[in-house]
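Subject: Handover of a structure

Dear colleague,

Please find the structure below, followed by an account of what was found in it.

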Amino acid sequence: MSVLTVFALKAYTTSVFATDEPAEPRQINMQISPAYQRLGELTPGDRYSSKFTIINSGDSDLEYKVYTTGYTVSDGDYKASFPENTSTFTTIQKWFKFSETEGTLKAKDRKEIEYTVTVPKDAPGGGQYAAIMIETTSGEGSVISANARAGLVVYSTVLGDNVSCNEISNISASGFLMSPPISVATTIKNCGNIESSATYTLTVNSIFGKEVYSNSAEPDVRTILPNTSRLNIVKWEETPIFGIYKVRLKVEVPGEVKEFEKLVFICPIWVFIIVILLIGFIVFMIIVRKRKHVRVIE
């Protein structure tokens, strides 16, 4: 089922300074609520309405503006960016209309803003991604050194010629570690035109077969946008500093499931050095004893 989901971005905070000397720093704190919204399926030609609340939790009145940008991510590390130019997957930023695009919000106050999303009749099927941005333009009695900005990232899927395609291209883990934690890295490529969800279930057993860790109750779940590759690293954060473990990772995406298994030996560098020195000492003593034995025979 295709849905439009809105996730809250972290509210950026910036310092402002009074114009009178000496300058006293103030904090601008912007928040948006709720964190998530679902508008249902997006059908070409239809209109969808919702609302959100902006909150000024700082101690100064704020002037703000409301606008949209595209939402994209970089391959691998999935660092977010918000380009103003549209692309195949960010055309939705042009479909928004807000009840207001600028205003003033008093300190410790909040305001509700309504918006509609009108899907064009000729909108192509597939994922569409944008961000609703709330950006401060000034603060009462102060000069802003850098605008504060908060936003909602909009994930949506337009009904139409939707293609789901995923490739689990790489699963890897180190077989020898000198320090915790045990981790397994996976790269997944979304070769379709709609976002997909990947589930990562990690299980770790001792060398004797006893299960010592599992995230099966709350496995890692990651969203992968179309035409991107995402690297995800699943970790056992409380890995002991020494041991031999059998590590299993199950990766599930629509249309494909892969299982990975590896024996992992973890040993601190100081233990490794002590063992090497001990082995060296034992070998040395054996050689010395053999030489003494040869001399006695002669």
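How many disulfides does the structure hold? The structure holds 1 disulfide, a disulfide being a pair of cysteine sulfur atoms within 2.5 Å. Cys165 is joined to Cys191, with an S to S distance of 1.7 Å. The torsion about the S-S bond of Cys165 and Cys191 is about -70°, so this disulfide is left-handed. Cys165 lies in the loop between strand 14 and strand 15 and Cys191 in the loop between strand 17 and strand 18, so the pair ties together parts that are 26 residues apart in sequence. Strands are DSSP runs (E, at least two residues), numbered from the N terminus. Cys165 is partly exposed, at 25% relative accessible area, and Cys191 is also partly exposed, at 30%. Cys267, by contrast, is buried at 3%. Here buried means under 20% relative accessible area, exposed over 50%, and partly exposed in between (1.4 Å probe, protein chains only).

Please note the basis of these values. This is a predicted model, in which local features need pLDDT of at least 70 and side-chain atom pairs count only at pLDDT 80 or more, while totals for chains, interfaces and linings use all residues. Residues are numbered from 1 along each chain as its sequence is written, and side-chain values use heavy atoms, with hydrogens and water left out.

As to confidence, the protein chain averages a pLDDT (the predictor's confidence in each residue, from 0 to 100) of 84, and 82% of the residues score at least 70. Two stretches call for caution. Over residues 1-26 pLDDT stays under 50, and the model has 91 contacts beyond four places in sequence for them; contact means heavy atoms within 4.5 Å. Over residues 140-146 pLDDT likewise stays under 50, with 22 such contacts.

The largest nonpolar core has 33 residues, and those with the most contacts inside it are Tyr71, Val184, Ile188, Leu202 and Leu249. Such a core is a set of buried Ala, Val, Leu, Ile, Met, Phe, Trp, Tyr and Cys residues joined through side-chain atoms within 4.5 Å. Strand 22 provides the largest share of this core, 5 residues. Beyond its neighbours within four places in sequence, Leu249 touches residues including Ile171, Val184, Leu202 and Phe260. A second, separate core of 27 residues includes Leu62, Leu152, Val154 and Val158.

Strands count as paired if DSSP finds at least two bridges between them. Strand 15 and strand 17 are paired over 6 bridges, and Asn170 stands opposite Thr187 in strand 17. Ile182 also has its place in strand 17 and, at 1% relative accessibility, counts as buried. Its contacts outside four places in sequence include Val234, Trp236 and Val264.

Elsewhere, strand 5 (residues 47-56) and strand 11 (residues 110-118) run antiparallel and are joined by 9 bridges; Thr53 has Glu112 of strand 11 as its bridge partner. Strand 9 (residues 96-98) is joined to strand 11 by 3 bridges, again antiparallel, with Phe96 partnered by Val117.

Yours sincerely

Definitions and conventions:
Helices (H or I, at least four residues) and strands (E, at least two) are DSSP runs, numbered from the N terminus.
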